[in-house]
Amino acid sequence: ADNTFDAVVCGFGVIHVPNPQQALSEMHRVLKPGGRVAVSVWEAANPTNGFGLLYGAITTKADMEVELPHGPDFFQFSVPEKLVNALLEIGFSEPAVHNVSQTWEFQDRNGLMTSFMEGAVRARGLIAAQTPAVQQSISNIVVEGMNNYVSSDGAYHIPMPALIGSAIK
């Protein structure tokens, strides 16, 4: 029902729904006046994080025109201003965005590639739609890029920063 909850939290979910604005509107609708919303999203891919490593390899080697099921832009809220604007457009007030530094740790150079191939949907689908030679090229770039993140203990520490946007109804 309308005005039911004191808080709504959505961890990395709004980036996966077909209509993120509708999802944010529903969060707004069910919040009591003065209630708070918090949503987390991945920070934009860039050369210094794991998404940058993966998508850098994909955009370099992959045929980006392969057919995939329709889905929202995974990084549509990955810049603080875009997340703030999305919250304001729905009717939230006092939006704030906080950067969250986080690191994924892997024991071998294949870890990041394996995590995406076993745990992602669109990235995996995009890679799987490539020829075996292109798939191998993408994997080789990612595995080689892991060398930039190896620590003295031999583990690979990959930056995977996120954003948390919050606001008040």
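A residue counts as buried when its relative accessible area is under 20%, as exposed when that area is over 50%, and as partly exposed in between. The views below are taken from a predicted model.

**View 1. The aromatic pair of Trp104 and Phe116.** Phe116 has a relative accessibility of 6% and therefore counts as buried. Trp104, at 26% relative accessibility, counts as partly exposed. The two rings form a tilted aromatic pair, with 6.1 Å from centre to centre and 40 degrees between the planes. Trp104 belongs to strand 4 (residues 103-106) and Phe116 to helix 4, so the pair ties together parts that lie 12 residues apart in sequence.

**View 2. The aromatic cluster that includes Trp104 and Phe116.** One aromatic cluster is formed by Phe12, Trp42, Phe51, Tyr55, Phe74, Phe75, Trp104, Phe106 and Phe116. The count of aromatic pairs comes to 11.

**View 3. The crossing of helix 2 and helix 4.** The axes of helix 2 (residues 50-61) and helix 4 (residues 111-119) come within 11 Å and cross at roughly 75 degrees. The two helices are therefore roughly perpendicular to each other. Helix 2 contributes Gly50, Phe51, Leu53 and Leu54 to the contact, and helix 4 contributes Leu112, Met113 and Phe116. Of the residues in this contact, 6 are nonpolar, 1 is polar and none is charged.

View 4. With a relative accessibility of 18%, His28 counts as buried. Leaving aside residues up to four places away in sequence, His28 touches Ile90, Gly91, Phe92 and Lys169.

Notes
Residues numbered from 1 in each chain as written. Predicted model: local features only at pLDDT ≥ 70, side-chain atom pairs only at ≥ 80, totals over all residues. Heavy atoms only, no water. Axes fitted to C-alpha atoms, helices over the stretch in contact; angles between N-to-C directions. Helix = DSSP H or I, 4+ residues; strand = E, 2+ residues; numbered from the N terminus. Parallel < 35°, antiparallel > 145°, perpendicular 65-115°, else oblique. Contact = heavy atoms within 4.5 Å. Nonpolar A, V, L, I, M, F, W, Y, C, P; charged D, E, K, R; others polar. Buried < 20%, exposed > 50% of the residue type's maximum accessible area, 1.4 Å probe, protein only. Phe/Tyr/Trp six-rings, centres within 6.5 Å; stacked < 30°, edge-to-face > 60°.
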